[in-house]
Amino acid sequence: MVGDRTKKQKLTENPEEVDAELILSIEKLQEIQDDLEKINDEASDKVLEIEQKYNEIRKPVYDKRNEIIKSIPDFWLNAFLSHPTLSELLNDEDQKIFKYLSSLEVEDNKDVKSGIHNHP
């Protein structure tokens, strides 16, 4: 127990010194955090570039897929009714409307930083 008291006394003998060291450590920590944020921003920009590139590459494939889907009767109705969560959202009127749905597209947000990613 005597050893614990000695350590405590050393820390509290000169509070200005401890405070100065603490402030310096916090400032260094903030500088490192700022560096990490710059790296994360750069990474987000690169991810956005790659997503946009591959969205362009995917577009003709999605177009081909959509042409085939149009030839399948009630495709979107069955797709939504087969989904465990979405099926609960469709009432009888919705189901009647979905029978006439031949195409479903979602515009790409192209804003990876917002956290919203939509793909057709």
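## A tour of the helices and their aromatic cluster

You are looking at a predicted model, in which local features need pLDDT of at least 70 and side-chain atom pairs count only at pLDDT 80 or more, while totals for chains, interfaces and linings use all residues. Residues are numbered from 1 along each chain as its sequence is written, and side-chain values use heavy atoms, with hydrogens and water left out.

In the model, residues 22-53 are 100% helix and 0% strand, and the C-alpha atoms at the ends are 47 Å apart.

**Stop two: the aromatic rings.** How many aromatic pairs does a search of the whole structure find? The search gives three. Rings of Phe, Tyr and Trp (its six-membered ring) pair if their centres lie within 6.5 Å; planes under 30 degrees apart count as stacked, over 60 as edge-to-face and the rest as tilted.

Select Phe75 and Trp76: their ring centres are 5.0 Å apart and their planes stand at 90°, so this pair is edge-to-face. Phe75 is partly exposed at 27% relative accessibility, and Trp76 is buried at 13%. Here buried means under 20% relative accessible area, exposed over 50%, and partly exposed in between (1.4 Å probe, protein chains only).

Phe80 sits in helix α3 (residues 75-82) and Phe98 in helix α5 (residues 92-98), so the pair ties together parts that are 18 residues apart in sequence. Phe80 is buried, with a relative accessible area of 19%, and Phe98 is buried at 16%.

Keep all of these selected: Phe75, Trp76, Phe80 and Phe98 form one aromatic cluster.

**Last stop: the whole chain again.** Zoom out and show the surface. Of the 120 residues, 9% count as buried. The accessible surface comes to about 10300 Å², of which 57% belongs to carbon and sulfur atoms; such areas come from the Shrake-Rupley method with a 1.4 Å probe, and for residues only the protein chains shown count as cover.

Methods
Helices (H or I, at least four residues) and strands (E, at least two) are DSSP runs, numbered from the N terminus.
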